[in-house]
Amino acid sequence: PMRSAGGTAVVFVIPSIYAMGAAGFGPTCAEAEAVRVLAIVAARQWQGDGVTVNCVAVPFPYSNSSDADVAAVVAFLGTDAAVHITGTTIPVGLPEMGL
């Protein structure tokens with residue numbers, strides 16, 4: 001469910017590789033980091049309008065085993081409880097990062 005307060009939540013799902021890098025994955029890393037920075041800038045720009053913008057970083061290569069966890073975090077970011085979370089990246093199901 002979206003926020004009852006009338007605000008909007010924007011959530012980008014990006015590959016975790018942005019944080020670690022890997023040989024041969026330069027374009028993927030650059031693209032994910034660009035989306036992450038876009039989310040930060042948009043969060044600052046729209047914060048006064050009640051819009052939150054965040055990223056959820058998922059394992060790379062992607063594994064379907066984390067679908068439920070990713071969906072739960074994305075759903076949470078659309079609730080009233082997450083109205084003050086904006087401009088951040090939340091890692092989900094990333095054992096290589098201890099999460």
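Helices (at least four residues) and strands (at least two) are DSSP runs, numbered from the N terminus. The model used in these exercises is predicted.

**Exercise 1. Describe the order of elements in the protein chain.**

Solution. Start with the count: there are three helices and three strands. Then read from the N terminus: the order is β-α-α-β-α-β.

**Exercise 2. Classify D49 as buried or exposed, and locate it.**

Solution. First, the location: D49 sits in the loop that runs between α2 (26-46) and β2 (51-58). Next, the cut-off: a residue is exposed when its relative accessible area is over 50%. D49 has 58% relative accessibility, so it counts as exposed. Finally, a distance: T8 lies 41 residues from D49 in sequence, yet the C-alpha atoms are 8.8 Å apart.

**Exercise 3. Find the largest nonpolar core and the elements that supply it.**

Solution. List the members: I14, A32, A39, A42, A43, V51, V53, C55 and A57, nine residues. Assign them to elements: α2 and β2 each give at least two residues to this core. Now take A32. Beyond neighbours within four places in sequence, A32 contacts I14, P15 and Y18. As background, nonpolar side chains in soluble globular proteins tend to be buried together.

Technical notes:
Residues numbered from 1 in each chain as written. Predicted model: local features only at pLDDT ≥ 70, side-chain atom pairs only at ≥ 80, totals over all residues. Heavy atoms only, no water. Buried < 20%, exposed > 50% of the residue type's maximum accessible area, 1.4 Å probe, protein only. Core = buried A, V, L, I, M, F, W, Y, C linked by side-chain atoms within 4.5 Å. Contact = heavy atoms within 4.5 Å.
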